[in-house]
Every structure is written in structure tokens, then in C-alpha cells.
Number of protein chains: 2
Amino acid sequence: MTDDLPNPALLPAGLADLLPPEAEREAALVEAMMAVFASHGYERVKPPLLEFEDSLLAGSGAAVAEQTFRLMDPVSQRMMGLRADTTPQVARIAATRLGALPRPLRLCYAGQVLRVRGTQLAPSRQLPQAGVELIGGAAPEADAEVAIVAVEALAAVGVSAVSLDVTLPTMVPALLDVAGAEGALRHRLARALDRKDSAAVAALVQGQGPALAVLPALMAAAGPADGALAALDAAELPPAAEAIAVNAASVLGAIRARAPGLRITLDPVEFRGFRYHTGVAFTLYGPGMAGELARGGRYVSQNDEPATGMTLYPDAVLRAAPPATPRPRLFLPPGVDGARFRAEGYATVAALAPGDTPQRLRCTHELRDGRPVPIPAKD
Amino acid sequence: MTDDLPNPALLPAGLADLLPPEAEREAALVEAMMAVFASHGYERVKPPLLEFEDSLLAGSGAAVAEQTFRLMDPVSQRMMGLRADTTPQVARIAATRLGALPRPLRLCYAGQVLRVRGTQLAPSRQLPQAGVELIGGAAPEADAEVAIVAVEALAAVGVSAVSLDVTLPTMVPALLDVAGAEGALRHRLARALDRKDSAAVAALVQGQGPALAVLPALMAAAGPADGALAALDAAELPPAAEAIAVNAASVLGAIRARAPGLRITLDPVEFRGFRYHTGVAFTLYGPGMAGELARGGRYVSQNDEPATGMTLYPDAVLRAAPPATPRPRLFLPPGVDGARFRAEGYATVAALAPGDTPQRLRCTHELRDGRPVPIPAKD
């Protein structure tokens, strides 16, 4: 029933219809994940899709400013934005309408975001999001909790064997700052690190002092978390970088304590894609080719409140999750009350006109002697 | 608050945050109603929030054209609209991607719609919708089914004692056409009927022939369905109007057969607010002051397919529904595994730092001897 080739004349690029049975499945996945969030005390908020751009693009919203559709509000004559991310809205709610509640505040949300342009790898311009934000808590246990809760939400919808990739987006900038690396050197180093070009990094840090001399070792340390933490521990880090490493060890320890079986990797020098994160950053990968299922980490929320959160991508979760068992469709002849069969889990599909046969209504079951029986498949 | 210092809490008029516990409650209501739709064989679709305006505003979409936010797609350089109604999108999906499936096709949807302007009575500019469309079925039983399914969905979320108001938006135009009433007479009659001004209607139809002479009797007939149907039956209607009355009697009979206790009213001359309906039109009212909970009725879908549907308004349903039982919040000291208590229905709220007391985390329960006990309320 699904046709994965949308007619390009029909819908704008990157905007698609979700059809049966995927639309129902995605909604069920989202609510199952939201139920896990709620079970950990995360309370749901629902910000509007549109709001004034000055509040939408404040704080972490600045990271998606150029991806935000803007339109004029004819009522106020002010510019509004169509949200490209939900975290900035949750930050606004936490700081204003829920500003008087004691901290930490645990909030969750589910909804759609829109982007001006897709990328070649991620062409979608409308993306579902479901996430948690823990605002006003600075403890490493808070970062651990949002990671654990996201993993548990994925497990609740049948996606296990995930891998948690931890990065420290402030580590490289801290080392560059200590070394006083500016201008061309900073730019070249960032580029070489971004391209994982260890030969170029080794050449660039030659004779640049101890802060940068650790970079080749940190690059080589990327991998399973235990080995990477040991390498961080062995490295001669300046105090600012040492604090980042100690915090990472605390967060990973707290995650290990609650999820001993979780596969965790740590890349101390990776910093791509995390534009407003101030501590550990997380990416959850699904098994096989499922790709990124969630992203998150520590940031600074409105009013300089420490915060940490995770955003799950239900479209990716849908691809990674086992398919739903199709609901049996029971043909209901005119005048028969189907309530009893609906209570048993059947979708009852009523014949409303003489032409409404079980085949036309795509039924899998029909009544015989008052009992649902499967309709034999035709050759 | 001054004009030059915008309040960061300020959202555009008609756009609001839904906060705890309402946001969770609304989502639960929507999914419970969608589960009822699915149990009757309605398959979920999820069209995008944005699409090209020519497809969005085609067919029944024309009725909301002036309420649709428009924006330029930088990718295609074509105008897109932010949907103000979901029915036109479902019609597009039924006619194109699902065009090859046999009829009737039962589809359902849930999502947000946006409007350029609110009204004094309905200021919201973002509205949740959840609805069903039955496409390719012309039988009165199809109209009856969508009404019954909507009533059942409301009952599933605790909203009973609803009232179904049936109107016949084509009746007055049919009578005016038969009478050849044009120009000023047509305009004045429509206005008088709209204002329920029976004296003015009686004066205007004086000497205008038998087709219009029935109007005062039809106006007086508005009320409980049985009486209104009897009055329609007794009236001397021209054939076009008679067909509308006979169809209404069939639809109401089919509803009565499946929902004998449902309160139904019929107003044969009401036509306000139904701009694309071609047969019976429905409004579901909640008990007391709950207002409109749903609207729908018969229309012509894309490719001239007969169709009928109902849209429920989850924001109104939320106001009419009984409040949710708040989830108990159990304080979880460091190191305690809460899985068992979450399985019992508690939200476990973990202490992550020394200051995280049961009071700060707004917990209702704490563990004593390993068992959750209520925390006494403070004076």
C-alpha cells in the first residue's frame, strides 16, 4: 500500500505523505516513547508551531535560524517563524510560564518541525521530534538520565542494540584556547580534526606546545568508552580540558551504573553538529544501517540555567523498529453490531452498500456462524 | 510590560502553549479517539503541514483559502500554504497515492491546522484536528457511520450526552432555485433565514409561489429530529427539495438504528458554516456550555467522488472531557531502581543532586520500607 516514490509535481521536495500503515505506526511509536518519558516524571508541553522569530531564534534557536521558515503575522505585523527545533520553545516555556516551578524541571514534547532546506543525506523538510529536557540540573547524573531515558524509550518500541556515541564538543576549543591557537592554525586544525586526518593533525601540532600535543593521542583514543576514558586519563591535559574529561568520566560512570549492557563509544575530539552544546553531547545510533535515532546533550537554557536533553527522531525510529502486526479487518454485514469484535482487537469494516464485498473492503476476516474466520487469500 | 521591550513570554495572538497536565491529556484524548476510528477500519494518513497552495486550496480547500498562511518555497520558487484544514489533503491522498485502492476508502488523521486570523468567538489560530473521511461511498449509511463513529470516539474519552445537530445546507438553495429567486429577493431571504427572522421570511415569501411558501413551515420545524422529519414529510416540496428530505430521513433512520439513545436535532433551513457540503451536514455539541466538538457531513471529493466525513476538535473535547487522574509522582532516592514502580503506574522522579528533595521534585509519594506511600500535604 505504500508507494515510496512521491510524485514531485504533487508535493514540495522534502515534504511527504505518510500512508497506511506507517502513519499509525509512527504515531504509536511516538506515544509509546512519550509514555516512557512520562514514567520518569517528564511532563508534556505543547508549544505552538509558529511564534515570533525573536523568541524562536533566541538561545539555542540561533543554531537553526537559517533553517527557519519566516512569515509575516498579519495581526501584529511582526515576523513569525515556523519552528525548526523544539528545544528553544521548551527553554522559553521553562523560563517564563514555568519559571516559578522549583528546579530541576523535567519536560517532554512531541511534534513536527520544519526546515527551509533538506540536505542530500537528509532530504526531509518536515521532521517529527519527540524529546526530553531536564532544566536546572547541573549534575552528571542529569546527563546520564536523559541518555538512559532515551535508550529506554527506544527499547519500549522494540529498538534495542543501540549504540550511544558520546562526544565532548568543548574539548577541542578548550585546547585551542589554552594553546592560544588563532587564525590560520585554528582553522586548519579544526578542518583536519573534522576530516579525521591524523597525519595533518600531527604535522600541525608539531612545536605548538603541550596543549595541542595531546591532540593526536585524543584522536587515536576515539572508540569504545572504557579505552577512550583511559586514554583521556593518561593524557597530560591542561586544567580546562582536564575538567571536561573528569565530567565525561562522571557522566559515563553514571550511565554505566544504570545501563551496564549499553554499547558506548567516546570520541573526545569530535565536535561536528553540536552547535550549542556546552558539555557532553550524545548521538544514539540504531543497529545495522538504521542511522541516527536521537541527539542531545548539555546546553545552557534561558536565564543561564544548566540544562540537558535528548531529541528522538520518530521517522528514523520508524525505520529501525520492527513492523507493526497488521490489525485484522473483519467484514461486517449490514445490521450486525461489531462492538464485541472491536473489543477483541478487530477493525470492523461495515458494508454500507450492496457492492461492499469483503474483497473491496480489503478484509482479512469474515463472520461464519457469528465467529470471525480468516478469508483465504486468492491466488 | 512596554511596547519597546517585548515580553519573551508573549506569543502571537491566538497561539498558545499547552502546559502540563493539559498537553498530555490532549494527546491522550486524540490517540483514544484515533483508536476508535481505527477500530472501525479507518486507516491513518499523515499529510505534511506545508504543501503547494494549488493542491492545498483545490476542492474543499477553497473554503479556507483566505485563512491559509502562504509562504514561498525557496527550493521550487512556488507558493506553499500552511494547512488550514486537513480534509483537502486527505482528498488529494485518496485521489492520487491511494487512487488505485477499491472504494469506499476509510481514512483518518490527526494533526494541527493554522489559520491566518482568529475570530472573537474562536481566537485560536492553531487548532488540533482529528477526523475521519469515508471516500467513494454515496449511501446514507455512510453519513450515518461517520456521525456514529464520532459520537463513539467522544464517548471513549468520557464525553457523553452529546447532541447531534443535522442541517441540510442544500435545501434553501434548492428551493430558491426552483422558485427562480435571484438578486435582492434571494439575498434578503438568505439574510432573514440566517437571522432566524420568521416574520421577515413570511413577508418575503408572500406571493412568491409554492416553492418558497414552504419556508416558514420548514423554519418552524427546526428542533428534535422526529418532529422536524414529520414536518418535512408534510410539506409540499418540489422534487429537488423532496429528494433532499428523503435522503435526510434515510440518514437519520440509519443513525437511529445504530444509536437509539442519541439526541438529534434537525434544522432544514440552516446553512451557515457549511461551505462545501452537498448533503446532510453535522455538528456535534457537548453537554452544557461545552460548545461545538465536531463538524462534518457529505461533500464531493477529488475526481467527483462522493465522500462524507467528520472533524473532531480536540481542544474543545479537552474542555468537555472529565479531567485526567494525575499520575502519582514517586521520589526516587539515588541508586534506587524505579522500574518496578513505573510498571505500577508511578512516575518515578529521580534525585540527581543533594538539593533534589521530594518537595522540590513535586512528588506525591515517597518510598518507606521499599513501598510507595503518600507524602502528607503541608499546611
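Author: Buried area is the accessible area (1.4 Å probe) that two parts lose on being put together, summed over both. Before we start: this is a predicted model, where local features need pLDDT of at least 70, side-chain atom pairs count only at pLDDT 80 or more, and totals for chains, interfaces and linings use all residues. Residues are numbered from 1 along each chain as its sequence is written, chains are lettered from A and ligands numbered from 1 in the order in which they are written, and side-chain values use heavy atoms, leaving out hydrogens and water.

Reader: OK, what area is buried between chain A and chain B?

Author: Contact means heavy atoms within 4.5 Å. The contact takes 83 residues from chain A and 80 from chain B. Carbon and sulfur atoms give 60% of the buried area, and that area comes to about 7200 Å².

Reader: How many salt bridges are found across that interface?

Author: The rule asks for a side-chain nitrogen of Lys or Arg within 4 Å of a carboxyl oxygen of Asp or Glu. Take the side chains of B:Glu152 and A:Arg342, which meet in a salt bridge at 3.7 Å, N to O. Across the interface of chain A and chain B, the total found is 14.

Reader: What percentage of chain A is buried?

Author: Helices (H or I, at least four residues) and strands (E, at least two) are DSSP runs, numbered from the N terminus, and chain A has 13 helices and 16 strands. Its C-alpha trace spans about 85 × 55 × 45 Å along the principal axes. A residue is buried under 20% relative accessible area, exposed over 50% and partly exposed in between (1.4 Å probe, protein chains only). Of the 379 residues in chain A, the buried share is 54%.

Reader: Over in chain B, which strands sit at the edges of the nine-strand sheet?

Author: Two strands pair if DSSP finds at least two bridges between them. The sheet is open with mixed pairing, in the order E1-E5-E6-E12-E11-E10-E7-E9-E8. Two bridges join E8(B) to the antiparallel strand E9 (residues 263-267), with B:Gly223 opposite B:Leu266. The strands that pair on one side only are E1 (43-44) and E8 (223-224) of chain B.

Reader: Which residue of chain A does B:Ser55 contact?

Author: B:Ser55 is in helix H2 of chain B and is buried, at 16% relative accessible area. Its C-alpha atom is 8.0 Å from that of B:Gln89, 34 residues apart along the chain. Leaving aside neighbours within four places in sequence, B:Ser55 is in contact with B:Arg92 and with A:Leu10.

Reader: And within what arc do the buried residues of H10(B) fall?

Author: In helix H10 (residues 225-234) of chain B, the buried residues are B:Ala225, B:Ala228, B:Leu229 and B:Leu232. The opposite face carries the exposed residues B:Asp226 and B:Ala234. Seen down the axis, the buried residues line one face of H10(B), because their arc (taken from the directions from the helix axis to the C-beta atoms) is within 100 degrees.
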